[in-house]
Amino acid sequence: MNEMISGVGDPVATDATKGGGSDATRIAEVKAWLAAQFDAAGKDVPDFEYTPRSIAYLYNLATVSQAKTQAASIVANDFRQKAAEYRSQAARIREILENVGLAQESLPSNVVASAQVLANVANLLNIRDTELSSFLVAMGDISLRKTGVEEKRAKVHKESKTLLEYTRKAIARLTYLKRTLAQLEDDVSPCEAQMENWKTNLGVMASKERQYIQQYNNYKALLNRVGYTPEINHGVLVEMAEHRKDLEKKTKPILDTLRSYQDLPPDKALAALAIEDKKRQYAAAEKYLEDVLHSALTTSD
């Protein structure tokens, strides 16, 4: 191993030469630590190549190990000191008990058993003083802890029940929504078919609407050509027809008289007077007819 470290082609030796004394110090500390560890285990340090990476890793490991070893040594020394104190105290107590006649060999078996139980309880409660006051204080502390744990347990149980109820409701709601979704998915095809039917009917109705609008426009143009106005409706026409019949009844005698002009007397003067009289009667009948028609149109407005 020494030959590998001091060799010509060794990268650690080269880095140590370049880096100065710090790398050489690290290598020396790592070698010393490895030798101490393997010596403690009764084994030789194996040969391996020292690289900058392995030296850094081993140096960190050695530093941590030495720190933990030192801490463990301090704790072990403290424990050894306390154990020695406890042994000396136990020897003094044993001597006092033997002097007052309370040695373990002279005590009844039930008293020894009770003392052992009390010692076990003290160890369980992590108390060194086994007097009644310390025991009661420890038991009270445990009782308070137990009460706190029971309260937390009850609270957690209540919260778990609430969460369980929410979970049940959520599951029921999810089941209902899944059922509704399945039903809606089943209704998709009939609804699509119905929508297609409505779409077809809507197209037909739109075509009919265009046809009816065209017919309406044609009828409107036709009525405009024949002079139809909205004021002339069926009721007005019926009323005008009745007035016409009345006027025909009134004018028929006059027409009959006019048709009988060929039966006029041969006297021209008398015939001219008769003709003028019939003309006045005819003009009066026409004026009456116009007044009736005008009054009928005014009433309809």
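The structure is a predicted model, in which local features need pLDDT of at least 70 and side-chain atom pairs count only at pLDDT 80 or more, while totals for chains, interfaces and linings use all residues. Residues are numbered from 1 along each chain as its sequence is written, and side-chain values use heavy atoms, with hydrogens and water left out.

The side chain of Lys 82 forms a salt bridge with that of Asp 78, at 3.4 Å from N to O. A salt bridge is defined here as a side-chain nitrogen of Lys or Arg within 4 Å of a carboxyl oxygen of Asp or Glu. Because Lys 82 and Asp 78 are 4 residues apart in helix 4 (residues 52-99), about one helical turn separates them. Helices are DSSP runs (H or I, at least four residues), numbered from the N terminus. Asp 78 is also partly exposed, at 31% relative accessibility.

The whole structure contains 2 salt bridges. Arg 244 and Glu 248 meet in a salt bridge at 3.3 Å, N to O. Both residues belong to helix 7 (residues 234-259), where they are 4 residues apart, about one turn of the helix. Arg 244 is exposed, its relative accessible area being 55%, whereas Glu 248, at 42%, is partly exposed.

The largest nonpolar core consists of 8 residues, namely Ile 27, Val 30, Trp 33, Leu 34, Tyr 50, Ile 55, Leu 58 and Ala 62. Helix 3 (21-41) and helix 4 are the elements that give two or more residues to this core, and helix 3 supplies the largest share, 4 residues. Such a core is a set of buried Ala, Val, Leu, Ile, Met, Phe, Trp, Tyr and Cys residues joined through side-chain atoms within 4.5 Å.

Val 226 lies in helix 6 (residues 132-226) and is exposed, at 59% relative accessibility.

Arg 26 is placed over the face of Tyr 59, at 4.7 Å from the ring centre; this requires NZ of Lys or CZ of Arg within 6 Å of the ring centre and within 35 degrees of the ring normal.

Key
Buried < 20%, exposed > 50% of the residue type's maximum accessible area, 1.4 Å probe, protein only.
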